[in-house]
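Biologist: I am new to this structure, and I would like to learn how to read its pockets, its cavity and its ligand site. Could you take me through them one at a time?

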Amino acid sequence: MEKNPSLCFVNGQWVGSRSGASSDVRNPATNALLATVPALEEQEVDQAIAAAHQAFLNWRSRPARERANFLRKIGDLLLLHQDACAHTITAEQGKPLKESRGEVVYAANYFSWFAEEALRVYGDIIPADDPSKRIFVMKHPIGVVGAITPWNFPLAMLARKLAAALAAGCTCVAKPAPETPLTALFLASVCEEAQLPAGVVNILTGDAELIGARLMQSDLVKKVTFTGSTEVGKLLIRQSADTVKKLTLELGGNAPCIIFDDADLMRAMDGILFGKYRNAGQTCVCINRFLVHEAIAADFSRLLCEHSKQLRVGNGADESTDIGPLISDVAVEKVQNLVTDALSHGAVRLTDSPSATTNSRCMSPIVLGKISPSMKIWSEEIFGPVSTITTFSNDREAIDRANDTCYGLAAYIYSGDLSRALRVGEQLEFGMVGINDTAISAVQAPFGGIKQSGFGREGSRYGLDEYLTLQYMSVRG
Ligand code: SIN
C-alpha cells in the first residue's frame, strides 16, 4: 500500500502546506522523530471543507447499499493491515502493541457495524388528526461534518465518528490530535485503497486552534463531533453559536468504581486492572476513584497492590509490555503533581516507589489510600496509572460519593447482588455504568456522558442519529 505519512489527505489527493510549514511527530517512548506533517493554513482548510461539501452532494444521494459497501471495504482493509496499523499507533501513541492490535479491531468493527446500520435509516408515517392528511418523517444526512479526535485512541475515535457520518450520507473533514496524526493518515490511505470517492474523507494536520476555528466558523460545516477535554468542549460550544452548529461532545470523565462488600474480589481483579490501567490510564472511562466498602478495604487494597506491581512497564513496542509511556512530559508532570498534592493532604502511598525505567515517561502503577474529596485527585481526571482508594460504610454514602463530580461519563459497580447493583446503578449520574464489567465500550452500545462529560452519543443506532436531521412533510390528498 502506498502511504505518504508526511502529507495530508484532501479531496482524494496527498497534499502539503503551501507555506512549507510542518510539525514533528515523535515516539513518546524514545523521543525519536517519526515524521513531519504539514501545518495547513486557513485557506487550505477552507479548500478541504469546500471539497467535502462538493463530495457531499453526490455521496448523500448514493444508494445506502453503495455507501455500506465502501464502509465494509474500509473495515476489511483495516483488518488486513492490522499489524502495520498497530505499529503506527504504538510508535506515535505509546500504548502496548497488544492494545494497538485490539484498537484496530475495535475501529474496524465500527466500519462493519455502520455498514449494516447505513441500510436502516428508516423514516415514519404518522397518523394525523385530519383523515385526509399523512405525516411523513424522513431522515437526511446533516451535511459536512468536522471531526476533531484525541491522541489516546488515534484510530478508534476517528473510526467511531467517520463510520457513522459516512453511513448517514455525510462527508468529513477530520483533524487528528497533533501528537498522533500518522494513524489518521494511515486510515486515509486505507480509504484511498478502498477507492472511496474523492472528498468524502479529508484528513488535515496543523495547528489545532486554527483548524478547529475554521471548522467552527464555516457555514458549510453543519456539525462538529469532538472527543477531548471539557475545557476545549466548552470553547467549541461557545464557537458553535455563530453558525448554530450541531455538536457531539465526548469530554472528560472521573469514573468511580464502587466495590461492595459482597463482590468477588478475585474474579473482579482482571476487569479492575483493565478498567484502571488500559492505555496507561489514559482513557476518559478509566477508573479514577475506587470507592470500597470499609469491611473489605484492606483485602481490596492488598490485592490491587499485588496485581498492579506485576504489570510490566516499558516501551509499547516490546511485546511483553503491559503499560506504555504517558503521551508527553507535560502529562507525566500533571500526574505527578496530583500524586504530590494527594500525599501532602493526607493520602497514603500503598505501593513501593516506582522502579526505575529507562524512559521518564513510563510510570509504574501507584496505589494511594485514604483519599478524600479535598484532594485534587478526587475531582480531576488522572489520565495516568494511579489508583486511588476511598472507603464507604453504606450504599447511600457510596452513591453520594460517586456522584460527587462535575463529570458524568462512566461509572462501575462490583457486587455479588445484581438487584443491589441495578438499584445503585440507576442512581448514578453517569451516561454509562458497568456492573461487574469495565469493558463497556462496544460498537453496539451508546457511548457518551452527561453533566460536563458532554452530550450526544457515539456508536450504536443512537450514534447514527447524531448525523441525521429530521424532515417532516404534511401531505394532503
Ligand atoms: C475514550 O477514552 O475517549 C474512549 C475510550 C473507549 O472508547 O473505550
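Predicted model: local features only at pLDDT ≥ 70, side-chain atom pairs only at ≥ 80, totals over all residues.

Biologist: How are a pocket and a cavity defined?

Modeller: Rolling a probe the size of a water molecule over the atoms shows where empty space is left. On a 1 Å grid over the protein atoms alone, a cavity is a set of points where a 1.4 Å probe fits but cannot get out, whereas a pocket is an open set with protein on both sides within 12 Å along at least five of seven lines, and lining residues have an atom within 4 Å of a point. Grid points are joined across faces, edges and corners, and a volume is the space filled by probe spheres set on the points. Here the second largest pocket has a volume of about 250 Å³, and among its 18 lining residues Tyr 106, Phe 153, Phe 274, Arg 278 and Ser 441 are the closest to its centre. Both α4 (97–117) and α9 (265–277) supply at least two residues of this lining.

Biologist: What volume does the largest pocket have, and which element gives most to its lining?

Modeller: The largest pocket has a volume of about 1000 Å³, and of the 37 residues that line it, Trp 151, Phe 226, Gly 228, Ser 229 and Val 232 lie closest to its centre. The largest share of that lining, six residues, comes from α8.

Biologist: How many cavities of 30 Å³ or more are there, and what takes up the space of the largest cavity?

Modeller: A search of the whole structure finds one cavity of 30 Å³ or more. Of its 14 lining residues, Phe 153, Met 157, Arg 160, Thr 283 and Phe 447 lie nearest its centre.

Biologist: Which polar atoms of the protein lie by the oxygen atoms of the ligand?

Modeller: A polar contact is a pair of N or O atoms within 3.5 Å. A polar side-chain atom of Glu 250 lies 3.0 Å from an oxygen atom of the ligand, a polar backbone atom of Cys 284 is 2.8 Å from a ligand oxygen atom, and a polar side-chain atom of Ser 441 lies 2.4 Å from an oxygen atom of the ligand.

How values were computed. Residues numbered from 1 in each chain as written. Heavy atoms only, no water. Polar contact = N/O pair within 3.5 Å; in protein donor to acceptor, adjacent residues only side chain to side chain. Helix = DSSP H or I, 4+ residues; strand = E, 2+ residues; numbered from the N terminus.
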